[in-house]
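User: I would like a close look at a single part of this chain. Please keep it brisk and tie it to the surroundings.

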Amino acid sequence: MKSRRRFLAAGLAAGVFALHRRAFAHGDAAHAGSKRVPVEKEQQPWGIAGEAKDVSRTIPLEMTDEMRFTPDRIEVRLGETIRFSHHNRGAVMHEMVIGTPEALKEHAEMMERFPEMEHDEPWMAHVRPGGRGETIWCFNRPGEFQFACLIPRHFQAGMIGTVVVR
Ligand SMILES: [Cu+2]
């Protein structure tokens with residue numbers, strides 16, 4: 001989205017990010033404002049970036065302006081690499097961000113305070129109205145995680161899904 005400028009609030013948020021660096025793992029390159037950061041495979045509590053060649057299943061995921069994902073509950077086997085094929089059926093921007101409930105809640109609060117903040121990580125996809133997107137993620141950690149749209153008011157309206165890994 002053109003109006004969202006990368007880290008406009010970087011100065012303000014710098015202190016907060018210093019505290020939350022581990023939780024969000026935004027890279028230094030992103031802070032420096034470079035265009036596109038090469039995908040860095042960094043283990044997260046909810047998995048790691050996946051490779052297209054390892055995809056075992058494609059899951060279509062629809063986003064709507066009713067602030068819902070379809071499906072909103074997904075079960076995967078431990079170690080499975082999933083391709084999420086997003087379709088935003090709405091008239092506004094939506095996103096899908098995978099994480100632990102705690103990480104997503106914290107991140108959503110940050111988005112409310114700094115709505116101009118923009119970031120790109122392998123566990124998130126920003127999908128334009130009517131557009132399509134893709135996320136390839138390897139769920140190599142067991143547990144119950146979430147995927148959510150962290151755009152201010154969307155998360156609060158319940159635009160959250162569950163992914164169970166076992
Ligand atoms: Cu949304």
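How many of the 6 residues of strand 6 (residues 94–99) are buried?

Analyst: The model is predicted. In it, 6 of the 6 residues of strand 6 are buried, so the strand is largely enclosed by the rest of the structure. For this count, a residue is buried if 20 or more other C-beta atoms lie within 10 Å of its own.

Take the two sides of the strand. In a regular strand the side chains alternate between the two faces of the sheet. Here, His-94, Met-96 and Ile-98 point one way. Glu-95, Val-97 and Gly-99 point the other way. Both sets are buried. For the chain, the buried share is 31% of its 166 residues.

Next, the strand partners. Strand 6 runs antiparallel to strand 7 (residues 124–127), and 4 bridges join them. Within this pairing, Met-96 stands opposite Ala-125. Strand 9 (residues 143–148) also pairs with strand 6 in the antiparallel sense, over 3 bridges. There, Val-97 has Ala-148 as its bridge partner.

Now the wider chain. It has 3 helices and 10 strands. From the N terminus on, the order is α-α-β-β-β-β-β-β-α-β-β-β-β. Of the contacts with a separation of 6 or more, 77% are between residues 24 or more positions apart.

Helix 3 covers residues 101–113. This helix has 13 residues and reaches 19 Å from its first C-alpha to its last. That is close to the 18 Å expected at 1.5 Å a residue. Its buried residues are Ala-103, Leu-104, His-107, Ala-108, Met-110 and Met-111. Seen down the axis of helix 3, the buried residues fall within an arc of 160°, so they line one face of the helix. An α-helix has 3.6 residues a turn, so residues three or four places apart point the same way. On the other side of helix 3, Glu-102 and Arg-113 are exposed.

Strand 9 leads on to a loop worth a check. Arg-153 lies in that loop, between strand 9 and strand 10. Its phi is positive, about 85°, although Arg-153 is not a glycine. Arg-153 counts as partly exposed, with 13 C-beta neighbours inside 10 Å.

After strand 10 (160–165) comes the segment that holds Arg-166. Arg-166 is exposed, with 10 other C-beta atoms within 10 Å. Not counting residues up to four places away in sequence, Arg-166 touches Leu-78 and Pro-142. Glu-144 is 22 residues from Arg-166 in sequence, and the two are 8.6 Å apart in space, C-alpha to C-alpha.

Met-67 is partly exposed, with 19 other C-beta atoms within 10 Å. A cis peptide bond joins Thr-70 and Pro-71, with omega about -5°.

Back to the part you asked about. Strand 6 is buried along its 6 residues, with strand 7 and strand 9 as antiparallel partners.

Methods
Residues are numbered from 1 along each chain as its sequence is written. This is a predicted model: local features need pLDDT of at least 70, side-chain atom pairs count only at pLDDT 80 or more; totals for chains, interfaces and linings use all residues. Helices (H or I, at least four residues) and strands (E, at least two) are DSSP runs, numbered from the N terminus. A residue is buried if 20 or more other C-beta atoms lie within 10 Å of its own, exposed if 12 or fewer, and partly exposed in between; C-beta atoms are placed from the backbone. Two residues are in contact if their C-beta atoms, placed from the backbone, lie within 7 Å. The expected span of a helix is 1.5 Å times one less than its number of residues. The arc is that of the directions from the helix axis to the C-beta atoms. Two strands pair if DSSP finds at least two bridges between them.
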